[in-house]
Amino acid sequence: MKKTFLLLMIASIGLSATSQEKEVKTGWKLGGALPAISFDTDLGFQYGALVKINNYGDGSKSPDYIDQIYAEVSRYTKGSGIYRFMFESFHIIPGIHFTSDLSYLPDMANHFYGFNGYESVFNNTWMDDSQTDGYRSRMFYRFQRNQFRSKNDFDGKLAGEHFRWSAGFAFQNFDISSVDIEKLNKGKKDQLRSIEEMPGLFERYQTLTIIPADEAKGGWVNTLRAGMIWDSRDNRPNPMKGLWTEAGFEFAPGFMNKDISFTRFYITHRQYFTIIERDLAFAYRLGYQSTIGGHTPFYYQSQLITSRLTGATSEALGGASSMRGVMRNRVMGDGFIYGNLELRWKPIHFTFLKQPAYIGLNGFYDFGLITNMVNMPSDLQGRFISSFPLEQFSDYFNPGGEKLHQSAGISIMPVWHEDFAIAIDIGKSFNPQDGNIGFSIGVDYLF
């Protein structure tokens, strides 16, 4: 069981109904700060904070900023955490929008539910320690992943006001291993079973060679990205109208990588419609990405291609950055489509610490589908029977079973200073194979 508590450090609140005129902000301003405390039965206590600082220059582009610094440090007492520093600028390199993200993301219990969506069967009972029959381990669908990321992105004017070129490079390392059960068991009466006694899905996929031996420990993935962007949004923090579409290719060339080489194509379209001026908008995002050449290693399959990170992770499909209410990384394949539809309402406007603020309520519907399957061994069932003679193939695999994954829910969006948004998402999956109810807290609108 996991319990999460968010503590917002608020010294005083001035609340007043107002029709506030647009505030012109200048110079460097604290965009927001958010401390968080949580507890996870297996990972321990989490503690840390994040801070966002914006530079508005002479105010001519307010409420858009010209520089942003974002820093986040949080960790669990047993080792998982987020260590992230991001810098974004629209003027340091003349005529170029530049973003640099440096992160270390240790994860003691990264989610892994197999490949190709519903073709991999999820058995909730195996993880539910309240069950008297069928329980295996809370870590059955987990492995340890420590990710280092240096991601750098650039874009500049190509033609007219809205058409831009986009490029970037990234260096990432994925250190993969089985869950460290001994470490998680320290100081606990309720002991998890060892990997030797109860191997999880990650270990079983290695036995079946679905995960090749040369990928099981992870490795470096160094990439180049090139594409184009059309951006006609009226503002960046929470657009009320306009388009934001990007398409391009991500390359992992052999000369930059030791044992891998692949090319992936991506396209993401976002559009915003004003229904009631300032207070109500409809927004949607549609995306597609797929490997079109080479082989993408399993530990990189979940990475969602983007020209700008909006959170500590950019993963698909499932979880707070793609399909809210669906288990994180539940839908993993070599190619997929996804979409998010949101009705964004701002029913309450007020002032907080002499700055404009509002409470937003969003209703959302998310969906996704695998379009390009990860190749499985042609004799998978035979391998399974010989490797696990006492288990049922149908408890793990459902060939041909993939179909649309769906979820819906609400987001509560406290927003301060017009551009510091806390996103409290509550989503419900439509199919128990994708989980039940997902709850997450982050910053900024999803798109």
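Me: Which strands each supply at least two residues of the lining of the second largest pocket?

Reply: Rolling a probe the size of a water molecule over the atoms shows where empty space is left. On a 1 Å grid over the protein atoms alone, a pocket is an open set of points where a 1.4 Å probe fits, with protein on both sides within 12 Å along at least five of seven lines, and lining residues have an atom within 4 Å of a point. Here the strands (DSSP E runs of at least two residues, numbered from the N terminus) are strand 6 (96-111), strand 7 (142-159), strand 8 and strand 9 (218-231). Strand 7 gives the largest share, four residues. The model is predicted: local features need pLDDT of at least 70 and side-chain atom pairs 80 or more, while totals for chains, interfaces and linings use all residues. Residues are numbered from 1 along each chain as its sequence is written, and side-chain values use heavy atoms, without hydrogens and water.

Me: Which residues lie nearest the centre of this pocket?

Reply: Of its 47 lining residues, these are Asp64, Phe90, Asp231, Arg233 and Arg236.

Me: With what is phenylalanine 397 in contact?

Reply: Contact means heavy atoms within 4.5 Å. Leaving aside neighbours within four places in sequence, Phe397 touches Glu119, Val121, Tyr205, Leu208, Ile210, Met376, Leu380 and Phe384.

Me: Which residues have the most contacts inside the largest nonpolar core?

Reply: In soluble globular proteins, nonpolar side chains tend to be buried together. A nonpolar core joins buried Ala, Val, Leu, Ile, Met, Phe, Trp, Tyr and Cys residues through side-chain atoms within 4.5 Å; buried means under 20% relative accessible area (1.4 Å probe, protein chains only). Phe115 and Phe397 have the most contacts inside this core of 35 residues.

Note on methods
Buried < 20%, exposed > 50% of the residue type's maximum accessible area, 1.4 Å probe, protein only.
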